[in-house]
Amino acid sequence: MSLEAFFLWFSQFEYVQLLINEWPLYLSGLWTTLWLVALSLFLGLFIAVPAGIMNNSNNWAIKFPAWAFIYFFRGTPLLIQLFLIYYGAGQFLANNEHPIALAIWPWFQEAWFCALLAFTLNTGAYTAEIVRGSINTMPSGEIEAAKAYGLSRFKIMSRIVLPSSFRRALPAYSNEVIFMLHGSALAGVVTIVDLTGAARIVNSRYYAPFEAFITAGMLYMMTTFVIVFLFKKWEARWHKHLKPLKV
Amino acid sequence: MLLDLQGYESTILSGAWVTLQVALLSLFVAVVLGMLGALAKLSSITFLRWWATLYTTVIRGIPDLILMMLIFFGGQIFINEFNVTINDWLNEYFQGQDAAHEWVSYLPDYVDVSPFFAGVATIGFIFGAYMAETFRGAIIAVDKGQLEAARAYGMSSWMVFRRVMFPQMMRHALPGFGNNWLVLLKTTALVSIIGLEDMVKAAGDAGGSTQMPFTFYFVVALVFLVFTAISTSLLSHAEKKYAIVSR
């Protein structure tokens, strides 16, 4: 069988037909998912690090806001957080003449902005707990040793605490990244054409739930495996000192 | 007042009851599947190990929303096609035996997969995979010598499990089990997307007709926080019960 004949034979299957027709839709959906997740994770770090440090504080006035933020966003479903922002914003911002409301209302009418905000706050809260945990498990002996060497507070932070916390946080953070990738499927519910949104469109176009959702599921799974693989490589690099020596 | 529910209290409350039912039933399914999965993963039969690994890997690689839509939209088609095939097959067989045989639907020709069933099945199926991992770890943590000793005393496999394995593995399984339950509870919010009249759906409807979506979603968020708080206190109680009392 020639290559051309093979492709002709291959493309007669309905599923292959569907894939050929809808491939661009899935690809753009995957792209939307990826940038939405990547951007949320990146912006979430800027919430997580201060919130994690604040939650470690002994001062009640500093600790409480961070604690309440983390407790709310970890204790409620992401779907509710998304709906609170996407549907709920209008309750305060629609028909509101206040200059601030007028300025931000157009943003809250964009589904992607609402999703990005919800995901960022959510991952910020989860990552804050990771940050807190990894700072808490910092061996005090290492800090004492650094102090004994006469390092400044800044140097202790940048040379001892942060690199070692980062190393300890890495496995937990890789879970959070995958959790966020899977959580981002909710974007498809608020009209965003991410991977899930693409699958829903394909399902309604062809009434083919298996083909539509299994394709999206496979793409999610491949993305998950790529993330796991990348983190494994990254961990191997950062945890080199923990590996047994080769004799 | 922000939390004036305008007479929708009972709707939200009955929605909360649906949410709780879905969560508890899914938990039951998840524990059964998790136990089976864990035993299969530790089994000496390669075939079982292979299937259990496939199950846990696939489930953890795909977002729960995709799986839920796949089971809700696809499950219906699958069950009905399966039933029709079986009916055709049986009828053909009986017609071969007896030419006067009339067509009978041995299995119902049309089965409606309700959102409730799809929700419970999916969430149970997903968290079965997570439970399997938790239980597997807990089973490994039980000292092998104790099982061998129980065997040597002539206990049956079931008795070894009930008297030696189970009480000890609970200690190791409880923290993971608790985490899984808290995540499961939040995942139940997704059943509103496939049309189940749970708390989230009730809040959406009430928010739409009163023009106060934020208020209603916020109330739902608070109910979830209450559920979480109750679960956490029950779990810490259980952990104390199964803990080793050290002197």
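**Entry 1: chain B**

I started with residues 214-235 of chain B, which are 100% helix and 0% strand, with the end C-alpha atoms 31 Å apart. I note that the model is predicted. The unreviewed UniProt entry lists these residues under "transmembrane region", along with 20-40, 61-79, 113-132 and 172-194 of chain B. From that list I also looked up residues 61-79 of chain B. This stretch is 89% helix and 0% strand, and its end C-alpha atoms lie 25 Å apart.

**Entry 2: the domain in chain A**

I then turned to chain A, where the unreviewed UniProt entry gives residues 30-231 as "domain: ABC transmembrane type-1". I found this span to be 83% helix and 0% strand. The end C-alpha atoms of residues 30-231 of chain A are 20 Å apart.

**Entry 3: two helices in chain A**

I looked up how helix α3 (residues 60-75) of chain A packs against helix α7 (residues 111-136) of chain A. Their axes are 9 Å apart and the angle is about 115°. Angles of 65 to 115 degrees count as roughly perpendicular, so α3(A) and α7(A) are roughly perpendicular to each other. The crossing of α3(A) past α7(A) is left-handed.

Which residues of α3(A) meet α7(A)? I noted Phe69(A), Ile70(A), Phe73(A) and Arg74(A). On the α7(A) side I listed Leu121(A), Asn122(A), Ala125(A), Tyr126(A), Ala128(A) and Glu129(A). By class, I recorded seven nonpolar, one polar and two charged residues in the contact of α3(A) with α7(A).

Technical notes. Residues numbered from 1 in each chain as written. Chains lettered and ligands numbered in written order. Predicted model: local features only at pLDDT ≥ 70, side-chain atom pairs only at ≥ 80, totals over all residues. UniProt positions renumbered as here; feature names shortened; annotations may be inferred. Helix = DSSP H or I, 4+ residues; strand = E, 2+ residues; numbered from the N terminus. Axes fitted to C-alpha atoms, helices over the stretch in contact; angles between N-to-C directions. Parallel < 35°, antiparallel > 145°, perpendicular 65-115°, else oblique. Left-handed = near helix turned anticlockwise from the far one by under 90°. Contact = placed C-beta atoms within 7 Å. Nonpolar A, V, L, I, M, F, W, Y, C, P; charged D, E, K, R; others polar.
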